[in-house]
Amino acid sequence: MATLAEVLARETREGELYEILPDGRLRCVACGHCCPLPDGAAGVCKVRFNKGGHLQVPWGYVGGVQCDPIEKKPFFHAYPGALAYSFGMLGCDLHCSYCQNWVTSQALRDPEAVAPPLGASPERLVRDALGQGARAIVSTYNEPLITSEWAVAVFKEAKAAGLSTAFVSNGNGTPRVLEYLRPWVDLYKVDLKSFDDRHYRQLGGRMQPILETIQRLHAMEFWLEIVTLLIPGFNNSRDEIDRLTSFVAGVSPDIPWHVTAFHADYKMTDPPNTTAEMLLEAADIGRANGLRFVYAGNLPGDVGDLEDTRCAACGALLVGRYGYHIREYQVTSDGRCPACRATVPGRWSPRFDGQIASRPFLPGTRRFTILSLQ
Ligand code: SF4
């Protein structure tokens, strides 16, 4: 029987995001690690590798698919209420000990992470997304940057069918991968995990490429939202949240910032769960630093109006939420506040068509075939 690594090595094709170094090695530029790869070597992500002078990249499978409310991603300023058909592959360029998607992201590092890959094609994924009534299709669950070529193949098909496209990413990008993605990715969520490079090194990365990616995403006019999972004792000091939110506001005060509650997961089981008071305190710091759209997540009903979108100019309620449920929608057809006519930053549908689902659901994987381990 073949190992998962051997199966995934078969499910590859030559990638586009690499360059040949003067000494004959390859340099992958899909993520901020920029791994130099001698023949036969795989990168930090373990899914991209040099085979005889060509960079092989993942192709033709998914680690899972799920239909999510777009609020779960979370995007709060992009088509509220829409269904986001979500797919992922396997592997990650970081190894966060609290990962909530560790079964797929750490599949090649952790023998306890068992996620059988399902054979898939871009056409089949898009057909399934349309059949479920999705408005957007999202590469998520593992780090999408490391499987950018596959995401672009899916997104070309998706955009031809009228779907919006999105990345849910750790933001460890490069200028080259962002140029590659720009024509095909509409919405981009970055998980800004900390504002301390030592913390990022614990997770297997560096902070600088992530900050530069955030600046570039905004300058290149991707629709950008940022999430910080607030972990008591790890990243929730006033000083760190102050520096983090000052940075985001310095890129643009109109970037929505979601501060969300941690609960014990994977290998990080020591810190206590984040309380509503901790979220509210962090949100206050973000607003004091100039951020106009601050949201508190994962504790529905406990965070006052921090689940709602209000007009930054006049304070009118624009989108009322409870968890992922849209309980009120007032944005005009041209994306403005109905009370004062101020433009609301984001991507808006001409009208709100209700929600297909306010909870995630599995579309059923019978249309996909589990790849053989022979
Ligand atoms: S995606 Fe990142 S970790 Fe993987 S090979 Fe490329 S540069 Fe290295």
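Angles under 35 degrees count as roughly parallel, over 145 as roughly antiparallel, 65 to 115 as roughly perpendicular and the rest as oblique. The model described here is predicted; local features need pLDDT of at least 70 and side-chain atom pairs pLDDT 80 or more, while totals for chains, interfaces and linings use all residues. Residues are numbered from 1 along each chain as its sequence is written, and side-chain values use heavy atoms, without hydrogens and water.

Helix α3 (residues 122-132) and helix α4 (residues 148-160) have axes that come within 9 Å and cross at roughly 50°. Helices (H or I, at least four residues) and strands (E, at least two) are DSSP runs, numbered from the N terminus. Axes are lines fitted to C-alpha atoms, for helices over the stretch in contact, with angles from 0 to 180 degrees between N-to-C directions. α3 and α4 are therefore oblique to each other.

From α3, Pro 122, Glu 123, Leu 125 and Val 126 meet Trp 150, Ala 153, Val 154, Glu 157 and Ala 158 of α4, where contact means heavy atoms within 4.5 Å. This contact has seven nonpolar, no polar and two charged residues. Ala, Val, Leu, Ile, Met, Phe, Trp, Tyr, Cys and Pro count as nonpolar, Asp, Glu, Lys and Arg as charged, and the others, Gly among them, as polar.

## Helix α8 against helix α9

Helix α8 (residues 238-251) packs on helix α9 (residues 276-288) at an angle of about 40°, and their axes are 9 Å apart. That makes α8 oblique to α9. The crossing of α8 and α9 is right-handed.

Arg 238, Ile 241, Asp 242 and Thr 245 are the α8 residues that meet Glu 281, Ala 282, Ile 285 and Gly 286 in α9. By class, the contact of α8 with α9 has three nonpolar, two polar and three charged residues.

## The largest pocket

The largest pocket has a volume of about 1100 Å³. Its lining has 40 residues, and the closest to the pocket centre are Lys 72, Lys 73, Gln 100, Asn 101 and Lys 189. On a 1 Å grid over the protein atoms alone, a pocket is an open set of points with protein on both sides within 12 Å along at least five of seven lines, and a cavity is a set where a 1.4 Å probe fits but cannot get out; lining residues have an atom within 4 Å of a point. Grid points are joined across faces, edges and corners, and a volume is the space filled by probe spheres set on the points.

Strands β12 (164-169), β13 (187-191), β14 (223-230), β15 (257-261) and β16 (294-297) each give at least two residues to this lining. By class, the pocket lining has 17 nonpolar, 15 polar and eight charged residues.

## The cavity

The structure holds one cavity of 30 Å³ or more. About 90 Å³ of space lies in the largest cavity. Of its 13 lining residues, Cys 28, Cys 31, Cys 35, Cys 45 and Arg 48 are the closest to the centre.

## Backbone details

The peptide bond from Lys 73 to Pro 74 is cis, with omega near -10°. Pro 74 lies in the loop between β8 (64-69) and β9 (83-88).

Methods. Left-handed = near helix turned anticlockwise from the far one by under 90°.
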